[in-house]
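Subject: the two-chain model, with notes

Hi,

Here is the structure I promised to pass on.

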Amino acid sequence: MLWLSLAVPVVGAAAIVLLRQSPNAREAASLVTAGALFTIVLQVYAAVSEGGRPSVVLAEPIPGIPLALEAEPLGVLFALVASFLWIVTTMYSIGYMRGHHEKNQTRFYLFFAFAIASVMGVAFAGNLFTLFVFYELLSLTTFPLVTHAGTDKAKRAGRVYLGILFGTSIAFQLLAIVWTYAITGTLDFQDGGILNGRAAGAVVPVLLGLYVFGIGKAAVMPFHRWLPAAMVAPTPVSALLHAVAVVKAGVFAVLKVAVYVFGIDFLGASGASVWLMWVAAATIILGSLVAFTKDNLKARLAYSTVSQLSYVVLGAMLANSWGVIGSGMHIAMHAFGKITLFFCAGAIMVAAHKSEVSQLGGLGRKMPVTFAAFFIGTLSIVGLPPTGGSWSKWFLGLGSLEAGQVGLVAVLMVSSLLSLAYLMEIPLKGFFGKAEAEVGGHEGHMHQPGGHDDDGDHGRHGEDSHDAHGHYHRAPAWSLVAIVTTAAACLALFLYPEPFYRLMSMVAGP
Amino acid sequence: MSVHLPVLQVVVPLLAAPLCAFLRNARAAAIVAVLASWTALAIALSLLGDVMSAGVISYAIGDWAPPIGIEYRVDIVNAWVLVIVATIASAVAPYMITSVEDEVERRRIPLFYAAYLLCLCGLLGIAITGDVFNVFVFLEISSLSAYALIAMGTRRRALTAAFRYLIMGSVGATFIVIGIGLLYVMTGSLNMADLAVLLPEVWDSRTVKVAYGFLGVGFCLKLALFPLHLWLPNAYAFAPSSVTAFMASTATKVAVYMLLRFFLTIFGAPFSFGVMALDRVLLPLALVAIVSMSLVAIFQVDVKRLLAYSSVAQIGYMILGLSFASVTGLTATLLHLFNHALMKGALFMALGCVVYRIGSVHIDAMAGLGRRMPFTMAAFVVGGLSLVGVPLTVGFVSKWFLILGALERGWWPVAVIVLLTSVLALVYVWRVVEAAYFRPYEGDEGDEGAGEAPWSLLAPTWVLVGANLYFGMNAVRTAQVAERAAEVLMTGVGP
């Protein structure tokens, strides 16, 4: 059953290529594949929540180190989030890619499917080697998506993207993996950790550091630069991959390493993770501060992501049950919140051709649904009720207290305030700000200063935008459905966080 | 018949060579060369199978009993090397048919194949023989034919490159024969197994140590260990494409084999590592080779030269494995012999396809080729990823054992250097990928010359690309063979 989670997206990719002549059939294939994948993951979820650990061996590249999949609660959580959001994102992409008149759409859907297959591989990896393989595959398969626009800026961004992700993973992560193997003789994920009792002294913090920095997708500073660079990608890519799948693959890997390679008891007792807690804390604060300075909406969201990812890393480094539970839940909660924000950013771009925060004045009155959804997403990211985000913040706070790190609680508070400030500015401006046309006169839909280097979306304005002449035309219906779905999910998760909580307490029962 | 397999391994290409020369017909000669190469592979595989199941095979040439007569002695180590050489030959030989017609003057083609078969014969001979003087004989056969092959490159600079290689190669060969002579003086024997028994008695003599030094320098020249690599980049860059693919994947590998055979089997691991401190001599040289040559490769604009410098760096990895003086390290070395042959073979063959179509491998000339030659460039990308050491390619398997070996010794800075240089490899591979995929084609759009290469070139290339992937995903067998071979080398002569 597990191997289906890899096979279905790959088969879907083949279907996408075969149906390339007919966009409708091609998109239908994408949707069907996404639906099928989610169904499979639900089956896996059912098996795992009854205590099962389905597993399968795919190949054995190195004697004793198979390429193997094994479903465990943490992986199931990640797979659930990613596969569900893939359905939503596919709907969204259909609206966005057509509304934005993007080229090479078949290639786009093709690599999207490959990327999801890699994400499933990361989620269900049965050992460190498998995790590493799919982690690298994910970097490779998302590269064509990042450089989709084909402009010089996209190419430069692509170079930063691959350079940092490959560089850190080869130089640090692979070293850590081989080192782990040299110490323990195994790479399998085991409850309680494989290093527990086998390693001691200065090796442990160093090794942990190699993992945390080596997993560049977790975007812990100073290896975060790839994330804002990747924002040149089309918005659906930014939404699913660089707010959810890719970055979550990173923090998920960190969490998984902490839980199944080191073991949280061992990590807590050895104190090896304390220095990394503060690295994560620094990333949280600095990321928020940088987000403040960004006027480009997607760049601001990107730095917000950098900051939020470190919450998950922080939770893992706290090395106690509350921390791990909060960390795992934050993977899910942040995913729903951030994808909503990116969807909204994309809708604004398609409908009004606006990409800078300063241009959004008054737009909320014309796009009320989008800006309302943005408001809900903001609440969830900040961690306010009635949204799911409040739960993960709650548990992370508890975890910090239990670890005796009052300073970290302060960090959580400050960063919440910061994110409230830099995100809330957008819906406020949208609903209460002055419309730009009134301020700037005739500029209309022509290129605003600073708009030139944002996303390479100039010259692709649809014909109908001429009629609109500087005013918005509606966000595509498909995209609106997606936005409403994820925003509603943010609210629903406040009332029903239970499935995620249960999975996480299977990983680290309090 | 199967008793005579060891000698047939050498005799088949040896006899096929004059046959090619007499045929005087390009196509007929090509067919002979292909058949001879495939036969060699069949023999090598069957020898490896025999050795794996039944142990060492000893074959006395002309029934003269060793140590007086020449003995062919096949154990798991040289059976492995035979398979490597024959595999590459079998893939490159069919590739030559089209490539050589394009690059070599028509009347010289039968002679080209004769030289190629002699070179193959020499390389197989070095690997299979159990007699040290015989090693020298085959070394000369392979080297002389290699000089001729390189000189047949299209550009006139091929002649200077070949001449330079001739000088350096001859110096190397001379050093080796001096070393062999000194060994003979001390022991009165030329048989490897016999020498291994006799040498420990005279370990202390200065003559043996001097012999060791001469042999060491000679081998390092032949295998192009930094700083004795200067002949290699030009030789590879100016040789005909198929010759580069063949030489890069086999010649240096066989030289590494000679080094292992002499220093570990004949002198023995205790002497090499205990008395001569071979590990401490080779470690810094290997590291400097890896780092400096990877850096130099980054700044090359001729992609063939780029890969040639990368080869020097990769040889550094092989020697690095040896310098760990452990079974894991040697496993890495032996695996990398095979794996590097597969990746460089695939890469140089992909470049050969480019040369066939656009006549140049300058990095600017390759701009935009990703669209015009999709299969060729895809082969290059897979080969390049393998060179970097991305998982599921053979390159990863070698790196894995290499890093494991370093960590076993507790040399984690070495492990870090290996990983960082993989990143350097990524940089130089990426430069080519970027040119091919992200820069527009610069030639005339309607230019027919820039289509995809013919399948007669692509098929052999993709066989090697497929091998890169297959043995990267399923390395259990290769790793087993390499590990057993490493044990044989570390423990000295087998039964």
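Let me start with a proline. Pro222(A) sits in the loop between α7 (203-214) and α8 (226-229) of chain A; helices here are DSSP runs of H or I with at least four residues, strands are runs of E with at least two, and both are numbered from the N terminus. The bond joining Met221(A) to Pro222(A) is a cis peptide, with omega about 10 degrees. Chain B has a cis peptide bond as well, from Phe226(B) to Pro227(B), with omega near 0 degrees. Pro227(B) is in the loop between α8 (206-223) and α9 (232-238) of chain B.

Before going further, some housekeeping. This is a predicted model, in which local features need pLDDT of at least 70 and side-chain atom pairs count only at pLDDT 80 or more, while totals for chains, interfaces and linings use all residues. Residues are numbered from 1 along each chain as its sequence is written, chains are lettered from A and ligands numbered from 1 in the order in which they are written, and side-chain values use heavy atoms, with hydrogens and water left out.

**Where the chains meet**

Chain B brings 27 residues to the contact and chain A brings 29, contact being heavy atoms within 4.5 Å. About 2500 Å² is buried between the two, and carbon and sulfur atoms give 86% of that. (Buried area is the accessible area, with a 1.4 Å probe, that two parts lose on being put together, summed over both.) Trp400(B), Leu419(B) and Phe438(B) supply 25% of what chain B buries against chain A, more than any other three residues.

How many salt bridges cross this interface? The rule finds 1, where a salt bridge is a side-chain nitrogen of Lys or Arg within 4 Å of a carboxyl oxygen of Asp or Glu. Its partners are Glu434(B) and Arg159(A), with their closest N and O atoms 2.7 Å apart. Glu434(B) is in helix α18 of chain B and Arg159(A) in helix α6 of chain A, so the pair joins two chains. Glu434(B) is buried at 17% relative accessible area, and Arg159(A) is partly exposed at 42%. (Buried is under 20% relative accessible area, exposed is over 50%, and partly exposed is in between, with a 1.4 Å probe and protein chains only.)

**Inside the protein**

The largest nonpolar core has 401 residues, and Phe262(A), Tyr113(B) and Trp400(B) are among those with the most contacts inside it. (Such a core is a set of buried Ala, Val, Leu, Ile, Met, Phe, Trp, Tyr and Cys residues joined through side-chain atoms within 4.5 Å.) Helix α9 (residues 235-262) of chain A gives the largest share of this core, 21 residues. Thr235(A) lies in that helix, α9 of chain A, and is buried at 0% relative accessible area. Leaving aside neighbours within four places in sequence, Thr235(A) touches residues including Tyr92(A), Lys298(A) and Met349(A).

**More salt bridges**

The count over all chains is 14. In one of them, Asp191(A) meets Arg53(A) at 3.4 Å, N to O. Both residues are in loops, and the pair ties together parts that are 138 residues apart in sequence. Asp191(A) is exposed at 55%, whereas Arg53(A) is partly exposed at 33%. In chain B, the side chains of Asp75(B) and Arg261(B) meet at 2.7 Å, N to O, linking parts of the chain 186 residues apart. Asp75(B) and Arg261(B) are both buried.

Arg24(B) has a positive phi, near 60 degrees, without being a glycine. Arg24(B) is in the loop between α1 (5-23) and α2 (26-54) of chain B and is exposed at 72%. Asp63(B), also not a glycine, has a positive phi of about 60 degrees, and is exposed at 73%.

Cheers
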